[in-house]
Amino acid sequence: MDTAASGLSSREAALRLRASASDALSAAHRAPGIRAFFARLGNPLILILLFAAGVSGFFGDIISASIIVGIVFVSAVLDFANSYRSERAVQLLISRIRITATVRRDGKPKEVPFAEIVPGDVVELSAGDLVPADGSVLEAKDFFMNESSLTGESFPREAVLKDACYLGASVITGTAAMLVERTGKKTKYGAITAALETRSAPTEFDRGIKDFSILVMRATLSLVIVIFVVNALVRHELLQSLLFAAALAVGLTPELLPMIVTLNLTKGSLAMAKRGVIVKRLSAIQNFGSIDILATDKTGTLTEDRITLVRTVDAAGKDDDEVFRLAYLTTLFHSRLETPLDAAIRAHGKPDVAGYRKMDEIPFDYERKRDSVVVAKGDGRMLIAKGAPEELLHDCAYLGTVHTRLTDALRAKASEEYEKLSADGFRVLAVASQAVPEKERYEKTDESELVFAGFAAFLDPAKKTAKATLARMRAHGITVKILTGDNAAVTQKIAADIGLEVAGVLHGSDIEHLSREALAHAVETHTVFARLLPDQKRRIIEALRANGHVVGYLGDGVNDAPSLTAADVGISVENAVDVAREAADLILLRKSLADLVEGVIEGRRTFANTLKYLLMSLSSNFGNMFSMAGASLVLPFLPMQSTQILLGNLLYDTSQTAIPLDTVDPADTLRPRKISTAFLRRFMIYFGLLSSVFDFATFFLLVLAFHLSGSGFQTGWFLESIATQTFVVYIIRTRTVPFFGSRPASVLVASTLGVVVLAWGIVWSPFAHLFSFIPLSGGIAAAMLCITVLYLASVEFAKRFFYARWSADAA
């Protein structure tokens, strides 16, 4: 690899990075470039308009052609600019939590992002790290890796000199230096990704948007095809009919939907960042708001995460310093990622361990639920094990320093002491030892005939704010399930301290024997799941999802990665191990349930504002376009010119860009919500037809009362159409009385008022003729204003009836 054990120079690394840039794996959240801008112009409806505009220009109608092209271009620029700013904002947030690795550059350790690692780099690895590339081991000390993401095998694999390491593996214990041989797409993981082209499964929100799009597409195609054919046959003006039909299709299509969704999600991600929640994947925000079950361990979320070692006792419950000395030795000499329990042992004090030296270690795994070290002092060697009391007691044959045979009665007494400590709220580890013969390597089989020493009891008090936070979660429709590897008794004690009602307790050993159907029932009827293996946590989450729940999982350890991936929303914390942060969709800057609840509420605000745009598009767009389609069949002239339709659509869309900044009624955040196609279809028909009733009233008034036709009729209806279509947002955005029960955001009021004033101003401006408008009398303008007020009042009354009748089906 043309490198040295001290690594590459910075200059050489930069040269190799440029040479291997094409090997980089695709980066998420990449801001759109010039291709993305032209992709917006590739929309089929836009292409039809541009084609028709080109034909118009060819036949001499330069003004109309220029206006159509200008409106299309301005619309695309607005869409692109907003989306670009949103994506850039998300990139800046994600850069705060990017995964890095330690490489040797210029002979010194240096932290660099994964994307900047190149072939020839020497990477230093330690417990909790992700392997950033494919390569070979140069140096290793008790180095064990989990490669389940590649092999499916959950047990750690020890790697020694010259052994291979692969991107995606995570370090369980020990340290190593690895020579990087392949990066990005050339790694084994990269090859698998390229071959499968795996994509994230669509979220519930994604599926709802897809159903909405299909609904709009069917309505649009049905109307546009009929209108084009009829107008072409009746008026014999193929080009004008094509322009009118294409403009009608643009008016019906909520082309700003992607931008509105992106703006909503970006606003949500920025708001969540202020509350200490960093969003790695934008689409997860909608799912975050839909969470109705939060699965979490108790440490740090329900407790203070200030673990202290309180007592070390023998099997009879008497204080015993020898238990502490043995526990300290295991903590001192193991090389895995230090746990909070290890830190508590270190902080408790320092016993006399002079003369001891480490010979070997047997790393923790979830089958044994313990770790062991082998130490030597003088000519003797001793294996010391520390772990879960149930499993460790099972493998003990003797008791105490006098090596009393551990009878069933003594074992039962020790178990009774363990249960007593747990019931008092202590987290408990068991400690045992055994003299072992001298040999080069020690295996799990050496952990037999152990001498039981006693228990180490730790206290992690319940978080003082947890009770209030849990009450707030219940008020917002979120149920908490505790998934822990800890003892059931201590978990129940913590639950009682924070006011969490425990419906039932299920142990991991019981889950092993449950069928899929039985587990689906059990996850609904139990609150605490104790002594769980990582795969059992994953099974519980999958069962909850299969039951129709949207599940969030909060975890920060190496063993949490499968559960984080299995959940609808994986949530980790900033100081979590690399593998957990990489698997998560959201990162908490503080391990706080209160921050998490704020994030859920922000997700629901994001959903609510997105839904406002959908409802606006269905009611006002569909109503206006349906009216236009109907009028074009009976009037001897087109009810609006294509340029007028496009101008109105551009102005209306501009006013709607303020929706993501709108306030949201507190009632809209109290429960998770989903997009219901049946509800949207009913809403479209109900309010769309109501809009059409007032449009047809306007037609009769313009024709019969004011005797307008052609440009005069088109101008009058343009005034009424833009006002009703824009101002109805005040009614639709809330289920209460507008302004009195729910105040819209100032920016929304400014954008809607500004757009209507601008639209009406164009009619009496020097530019009116460009759009075939003619100035109308004050009486006609006043009449259009009166119709607008009557329409808004009617929608308010209709809204109350609609939600009273169909509120159960509401999104």
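Analyst: In H23, Gln644, Leu647, Gly648, Leu651, Tyr652 and Ser655 meet Gln714, Phe718, Ile722, Gln725 and Thr726 of H25; contact means heavy atoms within 4.5 Å. These residues divide into 5 nonpolar, 6 polar and no charged. Ala, Val, Leu, Ile, Met, Phe, Trp, Tyr, Cys and Pro count as nonpolar, Asp, Glu, Lys and Arg as charged, and the others, Gly among them, as polar. This is a predicted model, in which local features need pLDDT of at least 70 and side-chain atom pairs pLDDT 80 or more, while totals for chains, interfaces and linings use all residues. Residues are numbered from 1 along each chain, and side-chain values use heavy atoms, without hydrogens and water.

User: At what angle do H23 and H25 pack?

Analyst: Axes are lines fitted to C-alpha atoms over the stretch in contact, with angles from 0 to 180 degrees between N-to-C directions. Helix H23 (residues 642-656) and helix H25 (residues 710-727) pack at about 20°, with axes 10 Å apart. The two helices are therefore roughly parallel, a term for angles under 35 degrees.

User: Which residues line the largest cavity?

Analyst: A cavity is a set of points on a 1 Å grid where a 1.4 Å probe fits but cannot get out; lining residues have an atom within 4 Å of a point. The largest cavity has a volume of about 130 Å³, and its lining residues include Ala608, Asp668, Arg673 and Tyr803. Helix H22 (residues 593-634) gives the most to this lining, with 4 residues. By class, the lining has 5 nonpolar, 1 polar and 5 charged residues.

Conventions:
1 Å grid on protein atoms, 1.4 Å probe; cavity = no way out; pocket = protein on both sides within 12 Å on 5 of 7 lines; lining within 4 Å. Points joined across faces, edges and corners; volume = space filled by probe spheres on them. Parallel < 35°, antiparallel > 145°, perpendicular 65-115°, else oblique.
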